[in-house]
Structures are given as C-alpha cells and as structure tokens.
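Please keep the sequence and the 3D view open as you read.

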Amino acid sequence: MRRRVRLVAVGNALAGTSSAEVSWDEAMLVWEAFQAVESREFDLSGSVPIRNCSVHLLTEHLMRAAEGLRKGDLAVLFFSGHGRLLGDTMAIQLERLLPIGNAVSLLRGDGNHDVLVVLDCCHAGAAVSVL
C-alpha cells in the first residue's frame, strides 16, 4: 500500500504587494513536485493548492488534511507568504494572524501520522518552539 500524503500548499500575500505572484508560484512548484512523484511513491488524494486564502478556509483544509491519516502517512503544510511575530512564536499572516501552533495542531488532528511544515516567510525560525 502506498503512503498517503496530504499536502496543503499555500501561496498567500497581502493584497497589493509585489510578493503575491512569487508566493503563489512557489506554492505551485511544491505542488507540482509532489504530483510528479505521486503515482509511484504515494497517494496525494485530498491535497490542495490554495491561493490567498482566509484563516477560515485554511483551517478547514488543515482539518480535512488530517482526517483518516494513519501511522506512516504524512500531512504537509507548505506556506509561502507573510509571517509575523506573535509574542514569542510565529503566526501566518492572512486576513488576520493564525498562530503556527494552531495550524500544526489542526494538521496533527487526532491521528498518529507524521507532520511536515515548510515555511517560506518572515519569522519562520520562531516556529521552532511549537514544531
């Protein structure tokens, strides 16, 4: 049986900034790289690329990504966009801040699967405390 991988690839930038297209291009490169090896290495069903989403939409996708995964499966969050410090940790900047710890908890769900988080944003190093 192939390993199930659920990838949530997010390209998100603040409206009117020059990084909007770059963030989306990076998310799509990651998405395409996973798709290129999907059939022989793992099953990507349930994975999504997302462009300029809200906290509500990302929360829904992270919860869905964790559903039904079991030991040996992998849930992945790739985020390219803006990050901010929130106290002593990092938050993803959408229309409002989403603390990275909350995003990771949603991706973990109640399963026993592996979780991989890749952040291409400012203050990504501050996420280490929750990962």
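## Ground rules

Helices (H or I, at least four residues) and strands (E, at least two) are DSSP runs, numbered from the N terminus. By that naming, Leu 116 sits in strand S8.

The model is predicted, so to speak of local features a pLDDT of at least 70 is needed, side-chain atom pairs count only at pLDDT 80 or more, and totals for chains, interfaces and linings use all residues. Residues are numbered from 1 along each chain as its sequence is written, and side-chain values use heavy atoms, with hydrogens and water left out.

## The nonpolar cores

A nonpolar core is a set of buried Ala, Val, Leu, Ile, Met, Phe, Trp, Tyr and Cys residues joined through side-chain atoms within 4.5 Å. Buried means under 20% relative accessible area, exposed means over 50%, and partly exposed is what falls in between (1.4 Å probe, protein chains only). The largest such core has 26 residues, and the members that touch the most others are Val 8, Leu 58, Leu 77 and Ile 100. At least two residues of this core come from each of strand S1 (3–11), strand S3 (48–51), helix H2 (55–66), strand S4 (74–80), strand S6 (89–93), helix H3 (100–108) and strand S8 (114–120). Apart from it there is another core, of 12 residues, including Leu 7, Ala 27, Leu 44 and Phe 78.

Contact here means heavy atoms within 4.5 Å. Not counting residues up to four places away in sequence, Leu 58 touches Val 8, Val 10, Ile 50, Cys 53, Leu 94 and Leu 98.

Is Leu 116 buried, exposed or partly exposed? Leu 116 is partly exposed, because its relative accessible area is 38%. Setting aside residues up to four places away in sequence, Leu 116 touches Leu 74, Ala 75, Val 76, Leu 77 and Leu 107. Leu 116 and Phe 78 are 38 residues apart in sequence, and their C-alpha atoms are 8.3 Å apart in space.

## A buried arginine

Arg 6 belongs to strand S1. Arg 6 is buried yet has no salt bridge, and the nearest side chain of opposite charge, Glu 67, is 6.4 Å away. For charge, Lys and Arg count as positive and Asp and Glu as negative, while His and the chain ends are not counted. A salt bridge is a side-chain nitrogen of Lys or Arg within 4 Å of a carboxyl oxygen of Asp or Glu.

## Salt bridges

Side chains of opposite charge can pair when their charged atoms come close. The count here comes to 4 salt bridges. One of them joins Arg 3 and Asp 114, with the closest N and O atoms 2.7 Å apart. Arg 3 lies in strand S1 and Asp 114 in strand S8, so this pair ties together parts that are 111 residues apart in sequence. Arg 3 counts as partly exposed at 34% relative accessibility, and Asp 114 is partly exposed with a relative accessible area of 38%.

Arg 64 forms a salt bridge with Glu 60, the closest N and O atoms being 3.3 Å apart. Both residues lie in helix H2, 4 residues apart, about one turn of the helix. The side chains of Glu 95 and Arg 96 also meet in a salt bridge, at 3.1 Å from N to O.

## Two positive phi angles

Asn 52, in the loop between S3 and H2, has a phi near 45 degrees, a positive value in a residue other than glycine. Asn 52 is partly exposed, with a relative accessible area of 42%.

His 123 is found in the segment after S8. Its phi is positive, about 65 degrees, although His 123 is not a glycine. His 123 counts as partly exposed, with a relative accessible area of 39%.
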